[in-house]
Amino acid sequence: MTASLLVGQFLSGLTTSMFLFLIASGLSLVFGVMRVLNFAHGSFYMIGAYLAWQVVTWLHPVGEAFWPAALAAGLGVAVLGAVVERLLLRHLYGLDELYQLLFTYALVLILGDAAKYLWGTGQLSVHRPPVLDGGFQLVGNTVPYYNLFIIAVGPAIAITVGLVLSRTAAGRMLRAASADREMLDAMGANVGLIYTGMFAVSSFLAGLAGALITPMESIVPGMDVQVIVQAFIVVVIGGLGSFWGTFWGAMIYGQVLSFGILILPEFSLFSVFALMAVVLIVRPWGLFGRPIR
Amino acid sequence: MSARRIPWTLLIFLALLPLPWIGSRYQTFLGTEIAIDALFAVSLNLLLGTTGLVSFGHVAYFGIGSYVCGILMKTYGLPFVLAFPAAGLGAALFAVVFGFFCVRLTKIYFAMLTLAFSQIVWAVCFKWNAVTGGDQGIADVPFPNMHWMASLPYVGDLNINGRFYLLSLVLVAVCIAAIGQITRSPFGRMLTAIRDNRERAAFIGLNVRAYELSVFVVAGGFAGLSGALYGIFNRGVFPDYVFWPKSAEVMIMTILGGMNYFWGPTVGAFVLVWLNQEITNYTQYWPAVLGSILLILLFALPGGILGGLARGGAALRRLLAGRGDA
Amino acid sequence: MRLRHLLAATAAALLLPVAALAKGPIKIGFPIPLSGPTAVYGVPILKGAELAVADINAHGGVLGRKLKLLPRDSKANPAEAVRLARELIVKNGVQFLAGTLTSAEAPAVSTIAKENHVVFVAPSAKTYELTDPQNFHPYIFRTASNTTIEGQAGAIIVAKWKNVHTVATIAPDYAYGHDAIAAFVAELHKLRPDIKIVDQEWPKLGQANFTPFITAQMAKHPDAVYCDEFAGDFISFVKQAAPLGYFKAIHDRLADGGEAGSIDVTRTLGKAYPLGIWTDAYDPVLWDGPNQPPADKAFDAKVAKALKIKYGSSWAIQGYVTIQAIAQGIRKAGTTNDTKVAKAMSGMTYTTPLGPRTFSAVNHDANAGEYWGKMVRTPKFPYAVISDPTYYNPEPAGH
């Protein structure tokens, strides 16, 4: 195995990782604060991808239409998430987690069909933004600028959200909300607003990730179910509810998949699932999470 | 207290028995599917309704059952009489291993671990080309040998699909009756005690985990049996039969009918399969309709159909009683 | 004597509803992927089938009855295809089945056709296993090419390339990919024993992220690649491979047997199409050369008009000839009885815009070849086109 090979495979794994991190971080945040495992997170991601395509098409696929489209997709999905939380999900908080699980699954079904209705069933794609066309050479590998951008965006968002969570008053409130909702209620904090905001931020991350994937992967029905499985594995490995755990979970997932394809191709898919199983058995709260009762 | 129980399983079984003779080929086809789905849903309800365990990975045992039966019958040419129980045993065996880890967790973590294990089973079925056929599964799983039915009166006139309906109905009825016995046994009452108050059950000296694991294995075994029938019914086994949306589907069936009622899952299976057939006549957007049904259930009818009927019946009785008083 | 009269009367009474039913249309169930990555091929196949039904009905139908197509979205999923095929038979009462796209769907539906004695014609699935002695039954027919022909044709092309000592393969991880690659490798070993296979990648059908497969393959530095990615997967593959310098590294020496020369693919990829690769199509539509049969020219014009897309589709022909073959079989048998139609179709020669094809009497395979060539851009056409399309079956045919 040459250095060139290792670097190439590492970079392809890293691109996968940072993408998954962008998606899984929202899933993990919502679980950490609200204890809701949101199956519809993948659907939000898909809606983000379609919205990005829509805006690019409106603005014509010339110039740098991709950037406003990505932002619009993130914001659009954030609004959708906030509306869903305020109108529906909110009424299920006191109930068994079974009802919340099924509620998010109902969203998967409805949003999946809504996307088919609005954007058809074929395969759509978005061109790479011209400013990031091309790539550079690194130890015998061509690294596309777009992949580099993704690798940079993932940690950037992680650090931003991480800082917000640890340094600001809103962040402290969120962590308090995840620790003890009743106490926060008693203190007079507007938990309802915090939850809505949380859900909107999580949806924004999903929508943004959906938009950012479009120059690399096609937009097709079914991408929602595919991605939620991957995001699920990432958060389980890293630790549900643990933001940095999700980061490392995504790193591990990407590299295991990437080097799995290189070394044991028959087992590459299986290896990430096996890793998830081992983590669940040894540390059900994830490699970087803390046990929550 | 000592009033004789109505043998519902037997009555329903007898009522459904003549379907292949009086119904169309299409109705027999639907009947078979409903029977198999009903067993799957009833097995899930052992966990969900009886014990209060939210398993989001029940499809794993259904899928293992269908693959075990399909592989034994198609690849190894084993007869159904061996492959069918093997499917149940195989699924139960996996349920022992997975359940051992799952019951150590509670609530949402239990749900997630069950989901995770079911995804591992899916990944194996999806990738292990040599044994499971991978992505394309195993087509052309043979029907059980049903030639012996030819000598039976009336049954001899039926075609193979009619005969398979009868075979499925008998097996499903026996399984559901067995599950009913389990629910009503002292063991079943302990499960209900765990559901109602896990801490108290542990406090009075119940080995909660052992009980939970036992019921997990039993439910897995019955799910495996229903999966075995499903694979034969569809003449093939495919990775979709182990994929997580099927877990959600069976859960919807159970809740739609009413998970607090023994016959809830069966009612749910019937209504869902029938609705699917009716609605797909008019629109391709069945998933959206299913999602909407689910929303209505969650927000307006949390007790499911049977719960709603019971509530409606009680309200009616109160109304009539009120009239009587006036 | 009297008993026989009675029996005849009873039989007549029993047949009466059948006779009444016979006045309705002849129903053909058509499960085919209409959503997801394979819809790029599935939709035009269905359009071609609809066009054939319209043509036949405009000329009075078959045996005085109209044809009616019942299309369903199989999502390229064998479990879904099986469910739909059975529903079409028991619920909608279709007399014939056609369609399915992938080599996962077709064998599963073939099981249902065998069990219900319904003729099933596959326009696209290429796995040889569909009609091999183990799975063959009287009701299965195929208008598509097959993996043996495709793999051999691909090997003949690759074997001619100069300075190629190592070859890698990439193909979807299911029957089609495995069977086509096996046929390719076997033939290549025969033609060029000196060439080594240095890498084999197996992404799944519907793979979204090809990057790790591409980088792993590039690391083995193959001189050339044989590829079986098709439809939306080929499009995703190209979009991810090109920025990584994949095509440059192999000097565009890639042959793809997944009909990547179809105008449906070249149109979607537009300027992103990797020029210089060799690939195939059932009907190149935009012929960069003089050898397009006039019948095909007329057919393509008709498709373009019916589909309301400029230049039409390379896949419509497969749906069209599939329905035409069924109609011809019914006419030849003089009845819609599937068993008799199947007998009539066995060994039957049917016409296509690209010349006659014959269902083998042994395995009902039309053994169709495809048009191969190098992908180029010419000032004449807006998309990449197959340069000098040549019919390979498996040897190249002279014009």
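Tutor: Start with a definition: a helix axis is a line fitted to C-alpha atoms over the stretch in contact, and angles run from 0 to 180 degrees between N-to-C directions. Keep in mind that this is a predicted model.

Student: OK. At what angle do helix 8 and helix 11 of chain B pack?

Tutor: The angle is about 170°, and the two axes lie 11 Å apart. Helix 8 of chain B covers residues 160–184, and helix 11 of chain B covers residues 208–233.

Student: Roughly parallel or roughly antiparallel, then?

Tutor: Angles over 145 degrees count as roughly antiparallel, so helix 8 and helix 11 of chain B are roughly antiparallel to each other.

Student: Which residues meet there?

Tutor: From helix 8 of chain B, they are Ser168(B), Leu171(B), Cys175(B), Ile179(B) and Ile182(B). Helix 11 of chain B brings Val218(B), Phe222(B), Leu225(B) and Leu229(B). By class, that contact has eight nonpolar residues, one polar and no charged ones.

Student: Switching to chain A. How many helices and strands are there?

Tutor: Chain A has 11 helices and two strands. Along the sequence the pattern is α-α-α-α-β-β-α-α-α-α-α-α-α.

Student: And what does the radius of gyration of chain A agree with?

Tutor: It agrees with a compact globule: for 293 residues such a globule would have a radius near 19 Å, and chain A has 19 Å. The C-alpha trace of chain A spans about 60 × 50 × 35 Å along its principal axes.

Student: How much of chain A counts as buried?

Tutor: 55% of its 293 residues do. Also, among contacts in chain A with a separation of 6 or more, 77% are between residues 24 or more positions apart.

Student: What about where chain C touches chain A? How many residues does each give?

Tutor: Chain C gives 25 residues and chain A gives 29. On the chain C side, helix 2, helix 7 and helix 8 each give two or more residues, and helix 7 of chain C gives the most, with six. By class, that side has 14 nonpolar, nine polar and two charged residues.

Student: Last one: how is chain C divided?

Tutor: Domain 1 of chain C is 2–145 + 301–368, and domain 2 is 148–281 + 371–392. Their C-alpha centres lie 31 Å apart. Between them, 20 residues of domain 1 are in contact with 20 residues of domain 2. The domain 1 side has nine nonpolar, nine polar and two charged residues.

Methods
Residues are numbered from 1 along each chain as its sequence is written. Chains are lettered from A and ligands numbered from 1 in the order in which they are written. This is a predicted model: local features need pLDDT of at least 70, side-chain atom pairs count only at pLDDT 80 or more; totals for chains, interfaces and linings use all residues. Domain bounds come from an automatic or database domain assignment. Two residues are in contact if their C-beta atoms, placed from the backbone, lie within 7 Å. Ala, Val, Leu, Ile, Met, Phe, Trp, Tyr, Cys and Pro count as nonpolar, Asp, Glu, Lys and Arg as charged, and the others, Gly among them, as polar. Helices (H or I, at least four residues) and strands (E, at least two) are DSSP runs, numbered from the N terminus. The radius of gyration is taken over C-alpha atoms; the globule rule is 2.2 Å times the number of residues to the power 0.38. A residue is buried if 20 or more other C-beta atoms lie within 10 Å of its own, exposed if 12 or fewer, and partly exposed in between; C-beta atoms are placed from the backbone. Angles under 35 degrees count as roughly parallel, over 145 as roughly antiparallel, 65 to 115 as roughly perpendicular and the rest as oblique.
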